[in-house]
Amino acid sequence: MTAAMESLIGMVNRIQRACTVLGDHGGAEGALPTLWEALPSVAVVGGQSSGKSSVLESIVGRDFLPRGSGIVTRRPLVLQLHKTDDGKPDYAEFLHMPNRRFSDFSLVRKEIADETDRITGKTKQISPVPIHLSIYSANVVNLTLIDLPGLTKVAVEGQSESIVQDIENMVRLYVEKPNSIILAISPANQDIATSDAIKLAREVDPSGERTFGVLTKLDLMDKGTNAVDVLEGRSYKLQHPWVGIVNRSQSDINKNVDMIVARQKEREYFETSPDYSHLAGKMGSEYLAKLLSKHLESVIRARIPSITSLINKTVEELESEMNHLGRPIAVDTGAQLYTILELCRAFDKIFKEHLDGGRPGGDRIYGVFDIQLPAALKKLPFDRHLSLQNVRKVVSEADGYQPHLIAPEQGYRRLIEGALNYFRGPAEASVDAVHLVLKELVRKSVGETEELKRFPTLQAELAAASYQSLERFREEGKKTVLRMVDMESAYLTVEFFRNLPQEVEMGGGHVAASPVKGSNPAASTIKGTNPAASMDRYSDGHFRRIATNVSAYIVMISETLRLSIPKAAVHCQVREAKRSLLNTFYTQVGRKESKQLLQLLDEDPALMERRIQLAKRLELYKSARDEVEAVSWAR
């Protein structure tokens, strides 16, 4: 193998190995395209007892696979071969046992069997969860091979009735992938037309571009027969040449004949065979491994652009997610404080966007002023307060033992003050409604600040501090709006009452004089009342006239408060929330020591682990990009 080929395939192997370690691989359960799936690998397919295991062991040069009758391979085995320098000892590593090296390959065989049983139990059932094994040796070529359960036609005792279809479905998941190279194993002592491996390969790869045919057990054919027609492509033609393999005999296996010796015996068989000697240079497990490596090189070179594109896209996605998660926490106090303040600013920015219209929610505050407050004012019980019965009662009580002489001023004042008192409820309710909207916007803003998601403790502290500030703003808002109501009670608008019609004496009685210029028109348009009709100040008309005058004044005050209450709420609550929501929190944070700041930056363990994994994947993909670019430039 050339140095360039070794470098190229070695690069793919290293990337696949790194993907495997990080769990960034496809396989039967992979749902998303990954770098692993973009890189080619060899799926070994064959019927039970077709010689798959012997072929793999011949390629590896080691006796390491479980053997037995019936279904032995019950989980996919992802086998990565890594070529090492001459003289270095061979060893193996399992993904599920990353800290242990196996130099005794009989223990490798035992661990494959034990790991299979851990998932499937000691039954004959299968599982799509792969076993990942890496073998390092100077006697291998860089390859990734996937040993799949043998195809079968009938279920045996201990297996479910669906086992035949289950195995085929599992095998299809691997061989249907466009980057999968199919190594179809068929025994030479059976009719090629009945080969399960060739049948399946033809279905998923009808052009034969991804299929390599391997014929095993050539030495076990009946005397006088051979497989030359198959090997030369006359019986069944493939795009790639057929390769014949002579596996170790059962006697050799029982005697633990060394695999290197077995390879030599295989070469001698083809060189001395009268049927196959003319094909000897293109037969055997060593030739098969080199053929696969050469094909892998051409496939990899052809797919370098698409591989590079996938890597670049994945790097962008990983970097974007890393930016969302944020950088690791700094250790010094200044950097920790800076991090907290940056997170607070990010939250405050989103909160203000909600208020100013960049995000939804702030419009609900306008709804309080435009809908809720006017509706509440309309529902105030002024009809009951200014009923004829109540007006008579209040005015009479205000007169005391001597009836009023000119106008019942104290009666007016008491009626107005009592009416104005009703405005306190809607005023406070408006402040409370604004408070609830602001509180909800704080909650939403905390949740929408991506940078905060990694710090649940800081999230809670920030929200609590914001709620405390909003409570202060609410209290100040209530004081202000209630003060506005009280001010209306404290000083009545003199001009309004001066413009009311005055009662004057006329023929021993009293009549209402015409209103002066600029008078309140409501006073002269009392429903059902004639200003000159009553000659008795204690008549119903007299009290109705008072009620109408008070009502007109209350309407004026109601309109004033309808406009001024929103201004007070915005000034005391919304404006302050935008300006100083986190001021107290900033002061508290500034007094904290490093240990207390770290408690605030107590990151969610799940996000911390996610960042670590993302960082490792990002490093993997950047390293892969460098390797691919280096190979690309060397072409």
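Student: To begin with the surface, does Ser 49 count as buried or exposed?

Tutor: The model before us is a predicted one, and every value we discuss is computed from it. Exposure is read from the relative accessible area, where a value over 50% is called exposed; Ser 49, at 57%, therefore counts as exposed. Ser 49 sits in the loop between β1 (41–46) and α3 (52–60), and its phi is near 65°, a positive value in a residue other than glycine.

Student: What is the phi of Lys 217, and where is Lys 217 found?

Tutor: Lys 217 is not a glycine, yet it has a positive phi of about 60°. Its place is in the loop between β8 (211–216) and α7 (228–231).

Student: Turning to charged side chains, how many salt bridges does the count come to?

Tutor: A salt bridge is read from the distance between a side-chain nitrogen of Lys or Arg and a carboxyl oxygen of Asp or Glu, with a cut-off of 4 Å, and by this rule the count comes to 39 salt bridges. One of them joins Arg 234 to Glu 232, with the closest N and O atoms 2.3 Å apart; of these partners, Arg 234 is exposed at a relative accessible area of 53%, while Glu 232 is partly exposed at 33%. Another joins Arg 359 to Glu 353, where the closest N and O atoms are 2.6 Å apart; here Arg 359 is partly exposed at 27%, and Glu 353 is partly exposed at 21%.

Student: Which parts of the chain does the pair of Asp 432 and Lys 478 link?

Tutor: The side chains of Asp 432 and Lys 478 meet in a salt bridge of 3.1 Å, N to O. This pair links distant parts of the chain, with Asp 432 in helix α16 (residues 424–448) and Lys 478 in helix α17 (residues 456–490), 46 residues apart. Asp 432 is partly exposed at 23% relative accessibility, whereas Lys 478, at 17%, counts as buried.

Student: Which residues are linked in a network of salt bridges?

Tutor: Such a network is made up of Glu 168, Arg 172, Glu 176, Lys 199 and Glu 203.

Student: Finally, how many cavities of 30 Å³ or more does the structure hold, and what lines the second largest cavity?

Tutor: Rolling a probe the size of a water molecule over the atoms shows where empty space is left. The structure holds 5 cavities of 30 Å³ or more, and about 50 Å³ of space lies in the second largest cavity. Its lining includes Ser 58, Asn 247, Arg 248, Met 259 and Glu 266, and the lining residues divide into 3 nonpolar, 3 polar and 3 charged. Helix α9 (residues 259–272) provides the largest share of that lining, 4 residues.

Terms used: Residues are numbered from 1 along each chain as its sequence is written. This is a predicted model: local features need pLDDT of at least 70, side-chain atom pairs count only at pLDDT 80 or more; totals for chains, interfaces and linings use all residues. Side-chain values use heavy atoms; hydrogens and water are left out. Buried means under 20% relative accessible area, exposed over 50%, partly exposed in between (1.4 Å probe, protein chains only). Helices (H or I, at least four residues) and strands (E, at least two) are DSSP runs, numbered from the N terminus. On a 1 Å grid over the protein atoms alone, a cavity is a set of points where a 1.4 Å probe fits but cannot get out, and a pocket is an open set with protein on both sides within 12 Å along at least five of seven lines; lining residues have an atom within 4 Å of a point. Grid points are joined across faces, edges and corners, and a volume is the space filled by probe spheres set on the points. Ala, Val, Leu, Ile, Met, Phe, Trp, Tyr, Cys and Pro count as nonpolar, Asp, Glu, Lys and Arg as charged, and the others, Gly among them, as polar.
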